[in-house]
Amino acid sequence: MKLSQFQFNITQDKIASEPPRWRDECKLMVLHKKTGEIEHRLFKDIIDYFEKGDTFVLNDTRVFPARLYGNKEKTGADIEVFLLRELNREQRLWDVIVDPARKIRIGNKLYFGDDESLVAEVIDNTTSRGRTLRFLYDGNYEDFKEALFGLGETPVPKCVKSKVTKEDEENFQTIFASKEGAVSAPAAGLHFSRELFNRMILKDINKVFITSHMGIGHFRSVDVEDLSKHKMDSERLIIPQETADIVNYAKKHGHKILAVGVTVIRGLETYVTTNDELNAFDGWTNKFIFPPYRFAIPDAMVSNFHLPCSTMLMSVAAFGGYDFVMKAYDIALKGDYKFGPYGDAMLITE
């Protein structure tokens, strides 16, 4: 597959800047792979396609306030720092992206907060934009973390909205988020409400969790035409033994497995046995799924409508079939579907 095959034109008005009033009432396009049928429903109708014993796999990662605004020493130039991951707790080391990057050098100090109460020193240049920062903080770790996150902003992508609001702190977080570590919300999970979970219980549909700390890699531009040459950033992945056991039991007894979002698809396919069983896992994954690909674990997936040339779109196309998914995207573009993490969803099933 080629990068150019995932290009399409989209206008800003097609990208949702706010979520629906109720989480589970966004639009849901349903793609039936066997028949080629396409239906138009609401997200809360998703359980109509599943029965007793079927299992939904969700990502319980929690988004942290990863975007900081500060100033460079001496010049006072405005800078934006995007926290990617904590590298060393004791030394206060963080892997970050700095923008603008070209004038930031090793040894530079960066100041954050109106009173410049938080200071960081650049100690390494890992890529053209990436940096390692050491935060210079004398207090204990809990106080440092509170100060750091207190200055941070919810990292809603700039293509979604230019100004983040207080409401985004809740809107850009799933209701089941519990394991801190993501710089973006697993978008398909945003549509699940407590009411929908209660209806799943009444129908005896299982829900289990993995933790996949979504990183910036899903949003980086793919700069090679040949997708086989693209390298995904690594992300922390945890699949508990209980989750693996429930998924394998459900598959063995003929029940369907729904992967909720691209991060879950990636996680479920990272460490699979030769008998197509899911293994427990605690480590890192840089798996990149694009067409053609044979899936071992999920029978169905739900995902938001993604932007052109994104690795997330490529993974959805691998599951639903390139031609079928791109046809559905064309329908969404011509219709009133919204794209992006606050937008509408697509269910792909048999």
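The following legends describe close-up views of a predicted model.

Local features are described where pLDDT is at least 70 and side-chain atom pairs where pLDDT is 80 or more, while totals for chains, interfaces and linings use all residues. Residues are numbered from 1 along each chain as its sequence is written, and side-chain values use heavy atoms, with hydrogens and water left out.

View 1. Helices (H or I, at least four residues) and strands (E, at least two) are DSSP runs, numbered from the N terminus. Ten of the ten residues of α6 are buried, so this helix is largely enclosed by the rest of the structure; buried means under 20% relative accessible area, exposed over 50% and partly exposed in between, with a 1.4 Å probe and protein chains only. The buried residues are T311, M312, L313, M314, S315, V316, A317, A318, F319 and G320, and they pack against α5 (262-268), β16, α7 and β17. Just after α6, G321 takes a positive phi of about 95°.

**View 2. Helix α7 and its cover.** Helix α7 runs through residues 322-334, and its 13 residues, at 1.5 Å a residue, should span 18 Å, which agrees with the 18 Å between its end C-alpha atoms; the expected span is 1.5 Å times one less than the number of residues. The buried residues of α7 are F324, V325, M326, A328, Y329 and A332. The elements that cover these residues include β1 (27-32), β2 (38-42), β16 (300-304), α6 (311-320) and β17 (345-349).

**View 3. The crossing of α6 and α7.** The axes of the two helices come within 6 Å and cross at roughly 120°; axes are lines fitted to C-alpha atoms, for helices over the stretch in contact, and angles run from 0 to 180 degrees between N-to-C directions. Helices α6 and α7 are therefore oblique to each other, given that angles under 35 degrees count as roughly parallel, over 145 as roughly antiparallel, 65 to 115 as roughly perpendicular and the rest as oblique. L313, V316, A317 and G320 of α6 make the contact with Y322, F324, V325, M326 and Y329 of α7, where contact means heavy atoms within 4.5 Å. By class, this contact has eight nonpolar, one polar and no charged residues; Ala, Val, Leu, Ile, Met, Phe, Trp, Tyr, Cys and Pro count as nonpolar, Asp, Glu, Lys and Arg as charged, and the others, Gly among them, as polar.

View 4. A search of the whole structure finds zero disulfides, a disulfide being a pair of cysteine sulfur atoms within 2.5 Å. C26 is in no disulfide, and the nearest cysteine sulfur, that of C159, is 17 Å away. C309 is likewise in no disulfide, with the sulfur of C159, its nearest, at 14 Å. C26 counts as buried because its relative accessibility is 2%, and C309, with a relative accessible area of 17%, is buried.

**View 5. Two cis peptide bonds.** D99 and P100 are joined by a cis peptide bond with omega of about 0°, and P100 is placed in the loop between β7 (93-99) and β8 (109-112). The bond from P291 to P292 is cis, with omega near -10°, and P292 is found in the loop between β15 (281-285) and β16.

View 6. R92, although not a glycine, has a positive phi of about 60°; R92 lies in the loop between β6 (78-88) and β7, and at 10% relative accessibility it counts as buried. D204, another residue other than glycine, has a positive phi near 60°. D204 is found in the loop between α3 (194-202) and β12 (206-212), and its relative accessible area of 40% makes D204 partly exposed.

**View 7. P19 and its contacts.** P19 lies in the segment before β1 and counts as partly exposed at 26% relative accessibility. The C-alpha atoms of P19 and G343 are separated by 6.6 Å, although these residues are 324 residues apart along the chain. Leaving aside neighbours within four places in sequence, P19 is in contact with N171 and Y342.

**View 8. D143 in helix α1.** D143 lies in α1 (residues 141-151) and is partly exposed, with a relative accessible area of 36%. Its C-alpha atom and that of D114, 29 residues apart along the chain, are separated by 18 Å.
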